[in-house]
Amino acid sequence: MDFKTDVETDFTGYDELETDTQVLDLIEREGKHYVIVDKCPLYAEKGGQVSDKGLLIIDGQSISVNGVMQVGAAFCLEIDKPIDSWNGQPIKARACVDSDHRKKIEAHHTATHLMHQALRSILGSHVEQKGSLVNDEYLRFDFSHFSKVTNEELAEEVRQRGAECNCRS
């Protein structure tokens with residue numbers, strides 16, 4: 001985002017999936033709506049991992065949170081519609097994580113660590129992670145190696161371990 005804020009959002013997502021918070025600012029950019037909150041249980045997009053999704057509940061109205069970015073120390077939530085009651089003053093709200101979405105992301109995040117260890121075990125300790133994409137549907141794992149790893153090499157290792165392989169290069 002192209003704005004600055006001195007807000008420091010307290011991330012509560014290690015301990016809870018719902019948090020009472022305050023909306024401190026509302027930003028509109030290119031037809032999208034964003035809010036800055038003082039506390040947030042939703043993970044922000046970072047390091048190749050997509051953000052959580054969830055809800056922001058204000059005065060009984062549920063507003064979808066479609067993504068979370070970190071701007072400085074502040075968490076900026078992309079919401080699907082403006083807040084009708086916004087008057088420039090802090091508003092009490094409840095921020096809620098979509099737990100099913102988070103569980104899928106967590107599973108793929110764990111899989112990236114397992115994949116890294118397996119590749120180092122199979123190909124050698126020189127293998128290093130060079131990037132990744134972790135979302136709720138799949139993961140992509142980029143790594144360094146001396147040459148292209150063939151599907152046959154991966155399938156053979158998987159067969160030796162007694163599993164199945166649906167490998168794609």
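Predicted model: local features only at pLDDT ≥ 70, side-chain atom pairs only at ≥ 80, totals over all residues.
Arginine 94 has another partner. It also meets the side chain of aspartate 20 in a salt bridge, at 2.8 Å from N to O. Aspartate 20 belongs to strand S2 and arginine 94 to strand S8, so here the parts tied together are 74 residues apart in sequence.

How exposed are these residues? Glutamate 18 counts as partly exposed, because its relative accessibility is 39%. Arginine 94 is at 28%, so it too counts as partly exposed. Aspartate 20 has a relative accessible area of 52% and is therefore exposed; the cut-off for that word is over 50%.

Over the whole structure, the search finds 5 salt bridges. One of them joins arginine 102 to aspartate 52, with the closest N and O atoms 2.6 Å apart. This pair also links distant parts of the chain: arginine 102 is in helix H1, residues 99-123, while aspartate 52 is in the loop between strand S4, residues 39-40, and S5, and the two are 50 residues apart. Both arginine 102 and aspartate 52 are buried. As a general point, side chains of opposite charge can pair when their charged atoms come close.

Now to the strands themselves. Which strands make up the barrel, and in what order? There are 6 of them, closing in the order S2-S3-S7-S6-S5-S8, with antiparallel pairing. From one strand to the next, the twist averages 45°.

S2, residues 18-29, runs antiparallel to S8, and 6 bridges join them. Within that pairing, valine 23 has isoleucine 91 of S8 as its bridge partner. S8 covers residues 91-97 and is mostly covered, with 5 of its 7 residues buried. S8 also pairs with S5, residues 54-58, in the antiparallel sense over 4 bridges. There, glycine 54 is partnered by valine 97 of S8. S5 in turn is joined to S6, residues 61-71, by 5 bridges, and those two strands run antiparallel. Leucine 56 stands opposite isoleucine 63 in S6. In general, strands of a sheet pair through backbone hydrogen bonds, either parallel or antiparallel.

Last, the helix. What length should H1 span, and what does the model show? At 1.5 Å a residue, its 25 residues should span 36 Å, and the end C-alpha atoms are 36 Å apart, so the two agree. At the start of H1, a side-chain oxygen of aspartate 98 comes to within 3.2 Å of the backbone nitrogen of aspartate 100. The buried residues in H1 are His101, Arg102, Ile105, His108, Thr112, Leu119 and Leu123. Arg102 is the residue from the salt bridge with aspartate 52. After H1 comes glycine 124, which has a positive phi, near 130°.

To finish where I started: arginine 94 in S8 pairs with aspartate 20 in S2, and those two strands are also joined by 6 bridges.

Notes:
Residues numbered from 1 in each chain as written. Heavy atoms only, no water. Buried < 20%, exposed > 50% of the residue type's maximum accessible area, 1.4 Å probe, protein only. Pairing = 2+ DSSP bridges. Axes fitted to C-alpha atoms, helices over the stretch in contact; angles between N-to-C directions. Salt bridge = Lys/Arg side-chain N within 4 Å of Asp/Glu carboxyl O. Expected span 1.5 Å × (residues − 1). Polar contact = N/O pair within 3.5 Å; in protein donor to acceptor, adjacent residues only side chain to side chain.
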